[in-house]
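Dear colleague,

Please find the structure below, followed by a short account of what was found in it.

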Amino acid sequence: MSLANGAPTPYPPYSTFACAVCKRRKRKCSMELPECRSCTRPPASASVHSASPRAQHVTPQRTQRAPVNSPLVPPSFPPEYFLDNFSFQCRQGQVPLQDIPLTKPFLDFAQEPRLIARIYFERVHPCFPFISNKNFYEHFPPAYAPLMSVSTILVACMKLVSWMPREDSIKEPKSPPYLAIKRTLVETDIAGIWSLQLLQATILVSLYEMGHAIYPAAYISIGTCARYALALGINECLTVAMNSPDVMVLEQEEKRRAWWATVILDRFVNIGYPKRPPATQDPQADALLPTDDAVFDQGTVGLDRLYTVSSPAEPGMGPFAKLAQATYLLGRVFRHICELRVDIMHQEEGMQLSSQLQRLLDVSANENEISAATSICSSALMTLSDPNCASLHPMHLEFAKRLLKPVAEQAPLQSMKDFLAANVDYQAHPSPLLAHWIYQAAIVVLRLNAQTGDDFGKVEHLIRRLDALGQRWLVATAYLHILPGA
């Protein structure tokens, strides 16, 4: 075949780039995007991929061709994934990789991503470690390369949750960056973008909303996390195959921590009203707890030293594992007090829950840490002992005094500096999960002091603790506003 002047047609030479259809059929490719010449005849999309091992390979999907002069419409999320997942799995269907444009203000907010990540891993990660430090930096592009939109969204959420009211001129948590992130997450859902990073970003937003008392947004966002995690199948990572390679073990551990982070937030958001049904089911007795936090941060997760939710509490458990186990027991306490039963089995179950919570509390107390796990255990024990906060039984009074002593009789705290120096939840930056137990302890102390005339503790100490914690998490200030006489 030749041109009008007799010159041969300039077919393009073979290249490292070619569309997937032409490579499979072993034919020359004109390398035109979005479809090459050979692919324009049948209705098949030409998905170009690189022969380089670093390039991403996207399985071509048959789509209807767009008109010649119309803009290219990216492939949408396959509805078959939800409509008939068995059929989707049988034909080895894949979710297409997609991206969305981000606004300039959003990109400006996420500038200097490495600095943002460093601050996040210093401030938030120690008290809620569910993002792998090693994986995050290993997949980080070079400084000269732009981030994908999903990574940019995660970085923006890291910056958002690292916000401290006492350090910023903006004192309102419903700030323009927060609203922009919320809108962007909705746009990713509509666009069908699907990834673990987006789930992690949504968890960070939920933690931010709960930590700064943004309701009902926090409750709805946590429910979204639960749905998202279930759709991704993250809940299936509570068990691990014993022959998994090391790299897969680390990935499974990060997914497992994302699921536990969702469960923790889901249980805690209902702590003020235990009768409200949770968005996630209680884990099974053989569900694996997170590994030691130091090992997770180093990326050396192995298959040894694994604990389940039914394992007896031990000092060797990592802080996040204790928090997960305390949350699991808290969920069982909620279910126990909501059951309208008074039989022997119900009483024995309550005694067993009390024993497990006390053991976990003792392990944490022996390690001299007032952590989120300690707070949840104490709150669960108080709720289990007196669900209606009305008992004046002598045994309950003695139990309450012993339980309240660590938090109600310590020296008062004058400032955030004193709070951070009191070895409270990793010293540097306290968890927002501490606020409820301090508030609940103040309520119980006020009631018992008034009804019995005994001195169960000085409420002023607890008020100062909430005031100090409110300099980091505004939910503590919200508790102060509803505390009688504060």
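Is E172 buried, exposed or partly exposed? E172 is partly exposed, because its relative accessible area is 44% (buried means under 20%, exposed over 50% and partly exposed in between, with a 1.4 Å probe and protein chains only).

This is a predicted model, in which local features need pLDDT of at least 70 and side-chain atom pairs count only at pLDDT 80 or more, while totals for chains, interfaces and linings use all residues. Residues are numbered from 1 along each chain as its sequence is written, and side-chain values use heavy atoms, leaving out hydrogens and water.

E172 sits in the loop between α7 (149-161) and α8 (176-191); helices are DSSP runs of H or I with at least four residues, numbered from the N terminus. A polar atom of the E172 side chain lies 3.2 Å from the backbone nitrogen of K174. In sequence E172 and L474 are 302 residues apart, yet their C-alpha atoms are 9.7 Å apart in space.

Turning to the helix pair, the axes of α18 (residues 434-452) and α19 (residues 459-469) come within 9 Å and cross at roughly 160° (axes are lines fitted to C-alpha atoms over the stretch in contact, with angles from 0 to 180 degrees between N-to-C directions). The two helices are therefore roughly antiparallel, a term for angles over 145 degrees.

Note on methods: Polar contact = N/O pair within 3.5 Å; in protein donor to acceptor, adjacent residues only side chain to side chain. Parallel < 35°, antiparallel > 145°, perpendicular 65-115°, else oblique.
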